[in-house]
Amino acid sequence: DMYAKCGSINHARQVFDQMPKRNIVSWMAMLNGYARYGHAEETLKLFGQMQLEIVNLNNATFVNVLKACICLAALEQGKQIHAHIVKCGLELNAFVGSTLVDMYAKCGTVKSAWQVFDKMTKRSVV
């Protein structure tokens with residue numbers, strides 16, 4: 001996490017790759033680092049690996065991955081992630097819901113953005 005927060009994403013990845021056992025905290029630190037420094041493709045690749053190793057993904061995971069979809073204008077991947085959020089039964093809280101709205105709107109599907117907005121359980125300025 002320290003390397004990632006300091007912008008040394010390559011060192012962070014080396015440490016991450018050498019970890020004998022990873023937990024949600026180590027995965028999120030790496031995912032956050034990639035997302036923070038605009039490594040959208042790496043964020044999505046890491047998310048794919050994360051899905052294979054971790055069963056219980058959380059809202060913060062999806063927010064970071066959706067932001068990567070926004071950067072890449074990757075609507076289809078964003079839709080798949082939205083479906084995964086629904087499948088996991090996660091609530092569309094303000095953070096996840098707002099990021100989904102942002103993703104759909106920036107990818108040109110304003111109707112889908114409105115549909116997500118209407119389904120959000122809580123709305124606020126994020």
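Residues are numbered from 1 along each chain as its sequence is written. Because the model is predicted, local features need pLDDT of at least 70 and side-chain atom pairs count only at pLDDT 80 or more, while totals for chains, interfaces and linings use all residues, and side-chain values use heavy atoms, with hydrogens and water left out.

**The whole chain**

Begin with the chain in cartoon view, where there are eight helices and zero strands (DSSP runs of H or I with at least four residues for helices, of E with at least two for strands, numbered from the N terminus). Read from the N terminus, the order of elements is therefore α-α-α-α-α-α-α-α. Of the 126 residues, 39% count as buried, where buried means under 20% relative accessible area, exposed over 50% and partly exposed in between, with a 1.4 Å probe and protein chains only. Among the contacts (heavy atoms within 4.5 Å) with a separation of 6 or more, 58% are between residues 24 or more positions apart.

**Helix 2 against helix 3**

Next select residues 9-18, which form helix 2, together with helix 3, which spans residues 24-36. Their axes come within 10 Å and cross at roughly 160°; axes here are lines fitted to C-alpha atoms, for helices over the stretch in contact, and angles run from 0 to 180 degrees between N-to-C directions. Helix 2 and helix 3 are therefore roughly antiparallel, given that angles over 145 degrees count as such, under 35 as roughly parallel, 65 to 115 as roughly perpendicular and the rest as oblique. Their crossing is left-handed, a term for a near helix turned anticlockwise from the far one by less than a right angle, with clockwise being right-handed. Showing side chains brings up Ile9, Ala12, Arg13 and Phe16 of helix 2, which meet Ser26, Trp27, Met30, Gly33 and Tyr34 of helix 3.

Stay with Ser26 in helix 3, which is buried, at a relative accessible area of 10%. A polar atom of the Ser26 side chain lies 2.9 Å from the backbone oxygen of Asn23. Not counting residues up to four places away in sequence, Ser26 touches Phe16 and Met19.

**The end of helix 5**

Move on to Leu72, in helix 5 (residues 59-72), which is partly exposed, with a relative accessible area of 33%. Leaving aside neighbours within four places in sequence, Leu72 is in contact with Ala40, Glu41 and Leu44.

**Helix 7 against helix 8**

Now select residues 94-106 (helix 7) and 110-119 (helix 8), which pack at an angle of about 170° with their axes 7 Å apart. Helix 7 and helix 8 are therefore roughly antiparallel to each other, and their crossing is left-handed. The contact is made by Gly97, Leu100, Val101, Tyr104 and Ala105 of helix 7 and by Val110, Ser112, Ala113, Val116 and Phe117 of helix 8.

Finish by selecting Cys69, Cys88 and Cys107. A search of the whole structure finds zero disulfides, a disulfide being a pair of cysteine sulfur atoms within 2.5 Å. Cys107 is in no disulfide, and the nearest cysteine sulfur, that of Cys69, is 7.4 Å away. At 18% relative accessibility Cys107 counts as buried, whereas Cys88, at 35%, counts as partly exposed.

How values were computed:
Polar contact = N/O pair within 3.5 Å; in protein donor to acceptor, adjacent residues only side chain to side chain.
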